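Open your viewer and get ready to click around. We'll take this one stop at a time.

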Amino acid sequence: MNNIINKVYFDNQSNTVLDKRVFDVMIPFFNNYFWNSQSIHSLGSFIKKSIEISRQQISCFLNANSSKIIFTSCATESNNLIIKGVANVMKNKGKHVIISKIEHFSILNSLIGLDVTYISVDKYGFVNEDELKKAIRKDTILVSIQYANPEIGVIQDIKKLCSIVKNNDINNSVIFHTDAVSACGMVDINFDDLNIDALTISSSVIHGPVGVAALCLKKNICVMPEINGGSQEYNIRSGTENVPAIIGFGKICELLSDEIEENCYNIKKMRDLLFDEIFEKIKYVYLNGPAKEKRLCCNVNFSIEFIEGESLVLSLDLNDIIVSTGSSCANKSLKISHVLDAINVNTTLAQGSIVFSLSKFNTIKEINYTLDILPIIVKKLRDASPLYSYFVKNCKRKN
Amino acid sequence: MEYYSEKVMDHFSNPRNVGEIDDADGIGEIGNPICGDMMVFYIKVKNDRIENVKFKTFGCGAAIAVSSVVSEMAIGKTLNEAMELNNDDVAKELDGLPKNKMHCSNLGTNALHRAIENYIMKKKSE
C-alpha cells in the first residue's frame, strides 16, 4: 500500500485526497452519531441541525444567500437532476436545451429526448458568445455551460454568458446552470453575483469526502425530483442522507472560504514552474487550452509530439507520477477526447496529450522530480517512435 | 497497474528489438498516427528463416508490448511459420490483453506479415 500512497499525484480533477481536518470532524458521524435526520426525537434533530450547518457552510462559501443547497450523491447526479428535473417541470414550454461542446459526460449523456443546440468553442475553449445569443429560442428551457474545464483548464466568463442568455430570453424563463465542479476551490465563486439559477459542485475534488455533491438552486427554481421518498432536501432529492460525507463537505467549504486564496497562490507557483520548465526542457511540445492567466491555476495540458498519451501515462506511473491523457487509446470509445476535438487539436497531436492537475498537497520537490523524469521518458518513447525517426531523417512530418 | 498483465508491462517497460535495420530484407508498416497506433517492422531473412527483427512503434502500452513480443516470437521462425502467427498467439504470449486492446495484437502480426510479404515481393522482382 505504501507504494500506492507515495505516488506523486497530479490527477486532482478526478479525485482528491481527503483533508485530515475534514476527516476528523466526520469520524463521530460514522461511529457515534448514526441517527436519522427524519426522526422527531432529539437525536434526529441533532443530525438535522448538523446537516443544516453544512448547508450554511456551503451557501456561505458560494455566496449563495438566496438559494437552496440540495445534497446529492455525486456531481453526475446533480447534473442529471438539473437537466431532467427542469425538462420535466417545463415540458409544456418546450424541450430546447443549450450546452457547450466541452461539457462533462454527465451533461452530454443526460439529454435524451431533448432538442439540443451545442455551442462551439474557440481554439482555447472559450464559448462562442454570438452563437449562444443566436441559439436562444422561445422554447428554450435551459442553458448549461461548464464554469471551468478539467481537461484544458479554460475558465468561462459565466457572469457574461448568463447575462447574454437573460438579456435575450423574452419570456424570462430560461434557467442558467453551470457545472462548477472543476472551478470550485480554484476560482472564487459568487453565486449571487453571477446571477445564475443553478450550480453543481462536488466534494471529492476539493479534498472533501467522496459520496456527496450539491446542486445549488435559486430559491424560486422548481425541478422535478428524480428520486421520490421521504421528502428530504426540500422534497427534491429524497433518501436518507450520507451524513458523515455531508458534514465533511460542509467542513471543507468552510476551510476553503478562508484558504482558497493561499491555496491558489501556492498551486499556481508550482503549476507555473512545471509549465515553464516543460517547454524549456522538451522540444516539440504544444499547449492545449488558453494561456496561463486564463486557465485554472492547477491545470496544465500539453501535447508531446511523436508519442502517444497512454504510453506516456504508463511510463510516468512506473516512475510513481500519476497524470491523465486525452488520447484515444486511453479512452473507452477509442476516440480522442471530445474536448480536444472541440478546440480543433490536430488528431495526431491529441494522441500525445497529457494533463497535470495539481492540488495544495503537491510540493515543489514533486514538480522538480517530474521535470527530471519526464524528459527521460519522452526520449525513450521518441527513440521507439517511427514518427520521430521519420521526422529526424526527413526534416518533415509523416502524413 | 492492474489493467495490463505483468508480461505486457514487462515488454512495455523493456521493449526488445527496438530500432531499425538499415539493410532490411523486408519492411512492413501498418496503422497511422491519427488512429493512435503505428508500427514499422524490419526483418533480415536467411535461408527462408527470420534472422533478425527490429521495430518502431507509436502507440499505447499494448501496442509497444505487442510489437516487442511479436519481434521475439518471429526471430528464428521460418517465413511460413511466421506467417501463421496470429493475434491470439500474441495475446496468449502476453498473458492476455484487455478486450479493447485486442486490435493492437492484430496490428503487430499484420505489420510482421507485411514485412514478410515485402521481402517475398522484392525477391520475386529480383
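Which residue forms a salt bridge with Lys101(B)? Select Glu310(A): its closest O or N atom and that of Lys101(B), one N and one O, are 3.1 Å apart. A salt bridge here is a side-chain nitrogen of Lys or Arg within 4 Å of a carboxyl oxygen of Asp or Glu.

Before you move on, a note on the ground rules: this is a predicted model, where local features need pLDDT of at least 70 and side-chain atom pairs count only at pLDDT 80 or more, while totals for chains, interfaces and linings use all residues. Residues are numbered from 1 along each chain as its sequence is written, chains are lettered from A in the order in which they are written, and side-chain values use heavy atoms, leaving out hydrogens and water.

Now show the whole interface of chain B and chain A, where the rule finds 3 salt bridges. Here 28 residues of chain B are in contact (heavy atoms within 4.5 Å) with 25 residues of chain A.

Next stop: the largest nonpolar core, with 135 residues. Such a core is a set of buried (under 20% relative accessible area, 1.4 Å probe, protein chains only) Ala, Val, Leu, Ile, Met, Phe, Trp, Tyr and Cys residues joined through side-chain atoms within 4.5 Å. Pick Leu62(A), Phe249(A), Phe356(A) and Leu112(B), which touch the most other members.

Zoom in on Leu62(A): leaving aside residues up to four places away in sequence, its contacts include Ile69(A), Phe191(A) and Cys216(A).

Finally, find Ile83(A) and Met90(A), both in a second, separate core of 23 residues.

Terms used: Buried < 20%, exposed > 50% of the residue type's maximum accessible area, 1.4 Å probe, protein only.
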